[in-house]
Amino acid sequence: MNVNQQVTQFTSWYGSGSDGACPTESQWSQLLQRPADQPITLINFFKLRANAEYSEGQAAPTGQEAFSDYASVSMPAMEQAGGSFLYVGPYQGMFMGEDEDWDLIAIGSYPNLDALIALYSDETYRGAFHHRTAACERQKVLVCGN
């Protein structure tokens, strides 16, 4: 499958990214064009909602509870795909730069692009991703090489 086909597949599964809940087509494309054999680290910043927002009328637990539902699936799925977490924990403030307000930081490392693609292609992971969307007021994810 070429990059354009992969981008189309991922946006059909996760959405357009116009709301900031998932990557945009351009972001998918940039990621998928990285050298396949190089490690990738993703630094995730999460601001959780007081109450989760589900579009399908599901009961609204707290953002933390919805995020825990996501994490209970995403953490094992990531490990199964070959990735690992370098850090998962509370955001404790800025040391330099502008102050930002986040609740949680997660730093995930993948040995190569295939491992990251395997995670986002995993049907169980895709099935839990809506919990992340419901839980997060906002988020940002930085892409780094190792």
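**Exercise 1. Find which residues of helix H4 are buried, and what they pack against.**

Step 1. The model is predicted: local features need pLDDT of at least 70, side-chain atom pairs count only at pLDDT 80 or more, and totals for chains, interfaces and linings use all residues. Residues are numbered from 1 along each chain as its sequence is written, and side-chain values use heavy atoms, with hydrogens and water left out.

Step 2. Helices (H or I, at least four residues) and strands (E, at least two) are DSSP runs, numbered from the N terminus. Buried means under 20% relative accessible area, exposed means over 50%, and partly exposed lies in between (1.4 Å probe, protein chains only).

Step 3. The buried residues in H4 are Leu113, Ala115, Leu116, Ile117, Leu119 and Tyr120.

Step 4. Contact means heavy atoms within 4.5 Å. The buried residues of H4 pack against H1, helix H2 (25-32), S1, H3, strand S3 (104-110) and H5.

Step 5. Look at the start of the helix. Asparagine 112 caps the N-terminal end of H4, with a side-chain oxygen 3.2 Å from the backbone nitrogen of aspartate 114. For polar contacts the rule is a pair of N or O atoms within 3.5 Å; within protein, one must be able to donate a hydrogen and the other to accept it, and residues adjacent in sequence count only if both atoms are side-chain atoms.

**Exercise 2. State at what angle H3 and H4 pack, and which residues meet.**

Step 1. Axes are lines fitted to C-alpha atoms, for helices over the stretch in contact, and angles run from 0 to 180 degrees between N-to-C directions. For H3 and H4 the angle is about 140°, and the axes are 8 Å apart.

Step 2. Angles under 35 degrees count as roughly parallel, over 145 as roughly antiparallel, 65 to 115 as roughly perpendicular, and the rest as oblique. H3 and H4 are therefore oblique to each other.

Step 3. From H3, Ser74, Ala77, Met78 and Ala81 meet Ala115, Ala118 and Leu119 of H4.

**Exercise 3. Describe helix H5: where does it bend, which residues are buried, and what covers them?**

Step 1. H5 spans residues 123-135 and bends by about 25° at phenylalanine 129. The bend at a residue is the angle between axes fitted to the seven residues ending there and the seven starting there.

Step 2. Buried in H5 are Tyr125, Ala128, Phe129, His131, Arg132, Ala134 and Ala135. The elements covering them include helix H1 (3-14), strand S1 (40-48), helix H3 (63-81), helix H4 (113-121) and strand S4 (136-145).

Step 3. The cap at the N-terminal end of H5 is aspartate 122, whose side-chain oxygen lies 3.0 Å from the backbone nitrogen of threonine 124.

Step 4. Histidine 131 counts as buried because its relative accessibility is 12%. Not counting residues up to four places away in sequence, histidine 131 touches Tyr54, Gln58, Ala66, Phe67, Asp69 and Tyr70.

**Exercise 4. Is glutamine 139 buried or exposed, and what does its side chain reach?**

Step 1. Glutamine 139 lies in strand S4. With 16% relative accessibility, glutamine 139 counts as buried.

Step 2. Its side chain reaches the backbone oxygen of alanine 21 at 3.5 Å. The side chain of glutamine 139 also makes a polar contact with that of arginine 132, at 2.8 Å.
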